[in-house]
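Hi,

Here is the model I promised to pass on.

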Amino acid sequence: MSVLVYTESEQGSFKKVAFEVASYAKAVADQLGTSVTAVTINVDDTSELGNYGVDNVLKISNDALQSFNAKGYAEVIKQAAEKEAAKVVIVSSSADSKYLAPLLAVGLNAGYASNVIEAPTNTAPFTVKRTAFTNKAFETSQINTDIKIVGVSNNSFGLVEHSSSASAEDFSPTIAELGVKVESIDKATDKVTIADADIVVSGGRGLKGPENWGLVEELASVLGAATACSKPVSDLGWRPHSEHVGQTGKPVASNLYIAIGISGAIQHLAGINASKVKVVINTDPEAPFFKAADYGVVGDAFEVIPQLTEKLKAFKAQQ
């Protein structure tokens, strides 16, 4: 009766979040006095999971699951949970996991708590702390069902290494008709993704046009960060909608979020509130973002960003 954890991957490699949820699963397993079993989908080398507390890996290899499908992924994770007689299933709070987790909860007749930020404070009853009201408050929740699903908020628990090895076995669940056919997927492969980024550099209309986006990209490159934008920027076609962060775009839970030329509409702030440190650079000292930011610079981005980038380059050169 191990704790089951779904470890997300992309193109055969684990995402950073996979190691965070594995670390969380290990903490829960230690509280319950049991082991950790991970379920992976189309990943050949799973040995790295052992470094984060995983004892056993159920490896699923199936061409039908090469592209994410919430229905299909939920079904195979359900079968893995049944195989392991798992009473606790751990997933992330990524967009994919938030899509599949409710389906998984229905399939397992389980209670589901999303956006959990800490290990359970109690296991009987099973009690977790989670964010609520778009990260403006905390909530203590009990999951009273026999089977429990926990969605761990990204960058909340962190990576905790455990020196061990994980055994692996092939697992071949039954896959029904998925109902969706993926013709093609186009992805940028040379950039840090928003979902996996520790640092996000985001730009708004204060940059005045897409021709000035080099300021954002150069700073992001120096920091090893992902680039993002506000909704008006993506609506104007300056940047792709995949970079739009906010309540109506992608939520961000980075360790550092730098907003350049973004005034801070309530929808934008709601989507980035989970970020640990927020920095704003804006010419308007009355911009709403300053009230939400940990650090603020009142100044022209076209003067501040080049100087900041050069200072960071010089600092990194000394390391």
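Let me start with N115, which sits in strand β7 (residues 111-116); strands here are DSSP runs of E with at least two residues, helices are runs of H or I with at least four, and both are numbered from the N terminus. N115 has 19% relative accessibility, so it counts as buried (buried is under 20% relative accessible area, exposed over 50%, partly exposed in between, with a 1.4 Å probe and protein chains only). Leaving out neighbours within four places in sequence, N115 is in contact with S93, K98, K129, R130, T131, G151 and S153, where contact means heavy atoms within 4.5 Å. Its C-alpha atom is 10.0 Å from that of F138, 23 residues away along the chain.

Before going on, the ground rules: this is a predicted model, local features need pLDDT of at least 70, side-chain atom pairs count only at pLDDT 80 or more, and totals for chains, interfaces and linings use all residues. Residues are numbered from 1 along each chain as its sequence is written, and side-chain values use heavy atoms, with hydrogens and water left out.

Next, α2 (70-84). Of its 15 residues, 11 are buried, so the helix is mostly covered; among them are Y73, V76, I77 and also K78 and E84. The buried residues pack against β1 (3-6), β4 (36-41), β5 (56-60), β6 and α3 (95-108).

K87 is in the loop between α2 and β6 (88-92). With 30% relative accessibility, K87 counts as partly exposed. What does K87 touch, not counting residues up to four places away in sequence? The list is M1, S2, D146, I147 and K148. The C-alpha atoms of K87 and M1 are 7.0 Å apart, although 86 residues separate the two along the chain.

As for the whole chain, there are 8 helices and 17 strands. Its radius of gyration is 21 Å, close to the 20 Å that the globule rule gives for 319 residues, so the chain is as compact as a globular protein of that length (taken over C-alpha atoms; the rule is 2.2 Å times the number of residues to the power 0.38). Buried residues make up 49% of the chain.

Cheers
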